[in-house]
Amino acid sequence: MLHRRVIGVCAAAVATGALALTGLPGTAAADPAASTAQEADAPSVSPGLSSVPPGLLKAMRRDLGLTADQARGRLVNESRAGATAGALRSALGGDFAGAWVKGEEAETLTVATTDPSDVSRITAKGARAEVVAHSLAELEAAKAALDRAARRSATTAAPVWYVDVRTNSVVVHASEPAKARAFVAAAGVGRTPVRVVESAEQPRPLYDLRGGDAYYMGSGGRCSVGFPVTRGTQQGFATAGHCGRTGTSVSGHNQVALGTFQGSSFPGNDYAWVAANSSWTATPYVKTSSGTVQVAGSTQAAVGASVCRSGSTTGWHCGTIQQHNTSVTYPEGTITGVTRTSVCAEPGDSGGAYISGSQAQGVTSGGSGNCRTGGTTYHQPINEILQVYGLTLKTVGGGPDPDPTDPPGEEPGGTWAAGTVYRPGDQVTYGGASYRCLQAHQAQPGWEPPNTPALWQRV
């Protein structure tokens with residue numbers, strides 16, 4: 001958590017971690033977007049994506065070393081890969097062992113399985129197949145054992161662990177490998193491979209109604225808006241839980257009263273939502289270095305995909321998704337289920353938006369490093385926040401186009417099915433009743449229409 005406290009007229013040194021910036025509201029950093037020149041490349045329209053904002057292309061070129069054409073191609077490939085990976089996860093069931101993209105333009109999607117007989121099914125969808133020893137369920141069970149062990153006795157000597165689908169293992173980052181191995185042994189993980197990797201990383205929560213705009217907590221400090229949302233007629237935004245507790249009042253980037261935290265969870269999780277007063281309107285936009293990017297849905301991007309972050313201190317930066325379902329131990333406690341990325345961040349960026357193409361991914365939780373030397377950050381997935389609080393993501397409509405090679409029954413419409421990408425207005429049947437999709441998403445087990453009123457409306 002990147003956190004700065006102001007004492008008298010002297011500011012304490014900034015350490016790497018959770019991106020909320022504490023201090024006097026008047027000490028906000030200048031908006032880095034204000035002095036950034038407009039990107040020269042014109043927006044383009046690609047299958048599965050809305051018009052690509054120049055700021056998105058500029059950041060991807062700067063941070064990922066791509067040309068404008070490569071960035072556009074990568075966004076198209078990642079959009080398709082996310083939908084294909086989700087559909088194959090549902091089709092392969094217990095054999096599924098993860099998926100990731102590779103290449104400058106994310107041109108190769110690999111899907112891992114524990115069953116060699118699944119190879120033809122994977123390759124028929126245009127993906128590369130890899131047969132491995134352990135299913136994703138086995139790896140996640142091992143990680144869950146580490147999560148339980150951390151609740152009993154967390155150690156900052158092993159502050160980060162995650163399922164690494166590319167190596168078919170669970171990886172533990174450790175400043176003191178011996179203590180990390182003792183932590184793993186105490187978890188009773190069993191035969192599932194766990195690799196202890198020596199690392200100096202010591203993350204902390206990233207303290208800090210467009211995604212990326214600043215807001216100020218009533219008791220002092222600054223964080224960043226994640227994604228604007230609605231709950232019925234109530235408007236507001238999703239953000240990081242460590243930025244404020246339920247009942248904390250906040251003001252906006254212009255120091256005008258904004259609203260109040262309605263729910264907050266930290267540690268364990270790192271999410272919250274703020275209900276805005278009638279002076280504020282939720283919009284489907286995230287601020288970039290030269291304008292805004294439109295939010296079309298919340299389909300989770302694959303490991304290896306590009307992802308960009310907007311925050312009130314450092315503005316707009318990009319990187320790639322390293323691992324999903326990561327656990328991080330901050331000084332305040334362990335949080336689980338966050339996504340690890342190579343995007344940089346600094347104090348005050350906490351709570352800000354991560355977006356991949358046009359798809360919302362999550363809100364900034366914490367990390368290490370900075371945007372001068374580089375770093376690692378973690379975001380709390382947005383879909384969990386929407387589900388927990390019954391929120392609806394503010395979007396422009398649409399989402400990834402369905403794969404035209406999908407067999408009948410996998411297109412939107414018909415009977416609800418996990419793995420299918422649904423867009424606003426799509427109608428399905430489930431349990432003999434009809435439902436209309438309210439916001440773009442990729443269906444997952446447990447998200448059946450009767451259980452998810454934020455996603456489906458009975459008709």
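A: The model is a predicted one, in which local features need pLDDT of at least 70 and side-chain atom pairs count only at pLDDT 80 or more, while totals for chains, interfaces and linings use all residues. Residues are numbered from 1 along each chain as its sequence is written, and side-chain values use heavy atoms, with hydrogens and water left out. Strands (E, at least two residues) and helices (H or I, at least four) are DSSP runs numbered from the N terminus, and two strands pair if DSSP finds at least two bridges between them.

Four bridges join E4 and E5 in the parallel sense. Thr113 has Val131 in E5 as its bridge partner.

Next comes the nonpolar core. The largest one has 43 residues, and Val101, Leu109, Val111, Leu146, Val172, Phe183 and Val189 have the most contacts inside it. At least two of its residues come from each of several elements, including strand E3 (96–102), strand E4 (108–113), helix H2 (68–92) and helix H4 (136–153). H4 gives the largest share, seven residues. A nonpolar core is a set of buried Ala, Val, Leu, Ile, Met, Phe, Trp, Tyr and Cys residues joined through side-chain atoms within 4.5 Å. Buried means under 20% relative accessible area, exposed over 50%, and partly exposed in between (1.4 Å probe, protein chains only).

Beyond its neighbours within four places in sequence, Val101 is in contact (heavy atoms within 4.5 Å) with Ala81, Ala106, Thr108, Leu109, Ala302, Val303, Gly304 and Ala305. A second, separate core has 30 residues, among them Leu75, Val229, Ala238 and Ala353.

Leu75 also takes part in a helix contact: in H2, residues Ala68, Ala71, Arg72, Arg74 and Leu75 meet Leu56, Leu57, Met60 and Arg61 of H1. The axes of H1 (residues 54–64) and H2 come within 9 Å and cross at roughly 105°. The two helices are therefore roughly perpendicular (65 to 115 degrees; under 35 is roughly parallel, over 145 roughly antiparallel, the rest oblique).

How values were computed. Axes fitted to C-alpha atoms, helices over the stretch in contact; angles between N-to-C directions.
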